Amino acid sequence: MGSRDSYGRLSPLWTFLLRYGPPRWSEYVVQNWTGQRLVIAVPYLWLIVFFLVPFLIVLKISFAEFSPLGRPPYEPVFRWLEEGALQIKLLVGSYVYLFNEPLYVSAWIYSIKVAFVSTLFCLMLGYPMAYAISRATPTYRSVFLLLIILPFWTSFLLRVYAWIGLLKTDGVINNVLQAMGIISEPLAMMNTSFAVYIGIVYSYLPFMILPLYSNLEKHDNTLLEAAQDLGAGPIKSFMRVTLPLSLPGVVAGSLLVFIPAVGEYVIPSLLGRTDQLMVAKLLSDEFFLNRDWPRASAVAIAMLLLLVVPIMIFQRFQNKELQAAKK
Amino acid sequence: MKTQGMFSKVMLGFGFFFLYVPILSMIFFSFNNSRLVTVWDAANSPTLKWYGKLFGDGAILSAAWLSIQVAAMSATGAVILGTLAGLVLSRFGPFRGRALLQGLTTAPLVMPEVITGLSMLLLFVSLEQLFQHMFGWQFDRGVATITIAHITFTMAYVTVVVQSRLAGFDDSLEEAALDLGARPAKVFFRITVPLILPAILSGWLLAFTLSWDDLVVTQFVSGPGSNTLPMVIFSRVRLGVSPVVNALATIMVLIVALGVVLSAVLMRRQEQRRKREEQMAAAG
């Protein structure tokens, strides 16, 4: 029995011999670690190569010099000189441009404004909906949740497209309102900020409702009963009990709407203003139309820096949720 | 309590109206004879002529076929990688670099698509240069690059689904199997996979839908000649509403609605059977 060490593990020689014999659980203890490493390595490597490294490349190119006729259209940042020295050329010109050019400054402000207002509308509509669902009987609850999730499974692009038919000058809303005699002239709703708000609220509403619902559903009803026994009215008990308890859900839902909304591309392209662009559209125009890769990269990095705090708050929340689910 | 309940119920009704009116109007006008889409041509409607036009539209059909292939491959890849990542994060305890892995798997969930698309494309361009320089081999952007990009951003969703499913079970079943002599790989396929099978299936469907639907990332990483369905739809609807797109949307909505309702019914039935069995076990 001298083949086991003090932890009961088999020595390498025994491991080698046993590998060709029947499986033993002690063999697992030995083999376990290499196997685990392999299992960790596969998704890890994938994410590093295809998610982390690309960001480093974007970061590098954002400091490169634009050369309109080059293929690719930028000067190399790192270059080996003939003497064997490494030349590093970093330019901050693209970044300076982002914060001085009026077109860009207004696009940044407009993007944040649109994301903020849409998140607010989403919360105003989504909170009561999530509340009503969490109070419904179990059968209705599952039907309601199904109805919330169903549009999410249908094409996002087509759902945004559907609003063109509703909002345009000879669209459904104007036709109905005119037929009812409420308005005499068609309303101009297409290509406005209003249309973008509607598009974002419409597309992201499930992302607001689901975290809110999963929070509200867990609330203990006895707390509300206690508040009412102590003389709090419905509004007061909501403000003092339900709302504070649901804040984590509010934060998660709002971030899930706000973060992608800042970088939204499809909705403003289809429904939005043509005289006021959002940042994502500028990035894509800079890249595809002007072929200015360094500037497009700088826009991406700046957007990422803007969103890094909300993203980190969201991640902390996500981890907490998973921890709570374990208990 | 009463007023609050009334208000939230009214908002729920309004919310569903808001969610479903656009979809229903899109379906309704797909049967309209008029090219003007939103002006109902009562004399000649309803008609199926736009459905006929849709099935004679080569560009849409070939794009749809390409999208199906890409989505199926991406979903499969995403499920394999996402399940491994979910398993590692919820079962392997602390290890060096765990926080980074957790960060890398949740970041794509909220990352604006233009950033993901741009960074993926720049990676592929760099790889192209590298391969050309090293092996003199030139690869073209197309189905392969689209699939890799889609796997990367959809695997995050699979990871979250699998991780939250695994968090609902403690690992005593797996421990027991290990104690009884099963090898880790066997434990994984005989115990863990059956436990998380619902999560794997819904993760696959989710990844398929997201890939099938993606426009922005695809526009960045696709090459000449590889147009997916969202790219074709986007280029059409930029010019305004088109009755053929309405017909396409109607078909897609019907397929999804059927699938979702069917899976809900199946899940309900399974749940009921489980409850019955539990009751019988308790009684016996």
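Trainee: Hi! Which elements of chain B have the lowest and the highest mean pLDDT?
Mentor: Among the elements of chain B, helix 7 (residues 172–179) is lowest at 79, and helix 9 (residues 216–221) is highest at 94. Here pLDDT is the predictor's confidence in each residue, from 0 to 100, and helices are DSSP runs of H or I with at least four residues, numbered from the N terminus. This is a predicted model, where local features need pLDDT of at least 70, side-chain atom pairs count only at pLDDT 80 or more, and totals for chains, interfaces and linings use all residues. Residues are numbered from 1 along each chain as its sequence is written, with chains lettered from A and ligands numbered from 1 in the order in which they are written.

Trainee: And what does chain B average?
Mentor: Chain B averages a pLDDT of 86, with 97% of the residues at 70 or above. The model's ipTM is 0.85 and its pTM is 0.85.

Trainee: What does Leu283(A) contact, leaving aside neighbours within four places in sequence?
Mentor: Leu283(A) is in contact with Ala296(A), Val299(A) and Ala300(A), plus Val114(B) and Leu118(B) from chain B.

Trainee: Last one: how far apart are the C-alpha centres of domain 1 and domain 2 of chain B?
Mentor: They lie 24 Å apart. The bounds, from an automatic or database domain assignment, are 60–238 for domain 1 and 241–284 for domain 2.

Methods: Contact = placed C-beta atoms within 7 Å. Helix = DSSP H or I, 4+ residues; strand = E, 2+ residues; numbered from the N terminus.
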